[in-house]
Amino acid sequence: MKKILSIDGGGIRGIIPSMILSDIEKKVGKPVGECFDLIAGTSTGGILALGLSKSNADGKPMYSAGKLAEIYSKRGREIFSRSFWKGVSSVGGLTDELYPADGLERLLDEYFGSDVLGDCLVNTIVTSYDIQNRAPVFLKSWRKKHSNVLMKDAARATSAAPTYFEPALVNIEGEDKALIDGGVFINSPSVSAFAEAIRIFPKETDFFVLSLGTGKQTRPITYKEAKNWGKAEWMLPVMSCMFDGVSDAADYQMKKLLGKSYIRLQTDLTIASDDMDNASNGNVENLKQEAEKLIFKHKKDLNRLYETLQK
């Protein structure tokens with residue numbers, strides 16, 4: 001059996017899948033990077049996928065899921081940090097990106113250094129979108145043309161959410177690509193990860209997919225609110241609708257494709273804010289509660305998952 005892990009995008013809400021993965025590590029007794037044959041992620045999920053796949057000097061996973069959860073909890077505000085004048089000059093994100101990329105890039109450099117995709121311990125995919133060539137980009141650790149792409153550059157590209165951060169300029173085989181967050185077309189990469197697994201493991205007939213969400217947005221948008229909205233008002237709501245819509249579609253498709261060999265762990269956000277950039281101490285604690293609520297609610301699925309990963 002080949003086991004596949006897929007992690008959604010969602011900014012600071014990456015705390016939720018990182019805590020689920022930490023729980024899995026405790027129950028299974030080994031790092032997530034040793035539990036799966038392929039890991040795929042979009043945006044914050046892409047950063048997690050790369051973190052779980054990074055090796056130490058001994059060829060073992062460098063970061064536990066618990067360590068990655070700790071980074072979100074303790075250092076999330078470094079990513080979503082801007083000066084007063086940045087907020088004023090961007091008119092709250094209307095005329096420029098909401099946040100400078102400096103804080104995000106410092107963290108990515110600190111945790112990924114000079115490692116390249118070809119160094120990944122596990123087959124790893126992170127998604128992005130090439131705005132110049134208008135084409136989706138799947139950065140694959142095993143693909144020759146992507147093997148020398150720095151992990152920190154791949155992480156920067158997959159998390160370059162429009163309106164939040166400027167695009168990433170990433171060199172691929174001598175050509176600079178202007179890349180943005182893969183969530184614009186595939187916020188949940190589960191279907192693509194499964195399709196890729198079939199291709200790279202052609203003799204395998206038994207597949208299992210675990211798909212992790214970052215919390216489902218529940219704030220309603222009423223007709224009365226939206227009927228007179230223009231570009232400015234629709235800017236962030238349309239992104240949230242798009243991200244949730246493609247994730248729900250992928251979930252439906254995977255259930256049809258794999259049935260019981262597919263588990264989706266997702267939760268409605270009833271306590272925490274669904275804003276991708278709300279890294280306040282209060283919301284971080286609320287996101288942790290959301291993760292604990294999900295783990296308690298999905299005990300049956302998690303027990304089945306533990307058994308599968310121990311095989």
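**Figure 1. Helices H1 and H11 are oblique to each other in this predicted model.** H1 (residues 15–28) and H11 (residues 281–297) pack at about 45°, and their axes lie 9 Å apart. Axes are lines fitted to C-alpha atoms over the stretch in contact, with angles from 0 to 180 degrees between N-to-C directions. Helices are DSSP runs of H or I with at least four residues, and strands are E runs of at least two, numbered from the N terminus. Ile15, Ile16, Met19, Ile20 and Asp23 of H1 make the contact (heavy atoms within 4.5 Å) with residues of H11 including Val284, Leu287 and Lys288.

**Figure 2. Helix H2 runs roughly antiparallel to helix H6.** The axes of H2 (residues 44–53) and H6 (residues 151–158) come within 8 Å and cross at roughly 160°. Gly46, Ile47 and Leu50 of H2 meet Met151, Ala154, Ala155 and Thr158 of H6.

**Figure 3. Strands E5 and E6 form a hairpin.** E5 (residues 168–172) and E6 (residues 175–181) pair in the antiparallel sense over 5 bridges; pairing requires at least two DSSP bridges. Ala168 has Leu179 of E6 as its bridge partner. Between the strands are 2 residues, and Glu173 in the turn has a positive phi of about 55°.

Residues are numbered from 1 along each chain as its sequence is written, and side-chain values use heavy atoms, without hydrogens and water. In this predicted model, local features need pLDDT of at least 70 and side-chain atom pairs count only at pLDDT 80 or more, while totals for chains, interfaces and linings use all residues.

Key
Parallel < 35°, antiparallel > 145°, perpendicular 65-115°, else oblique.
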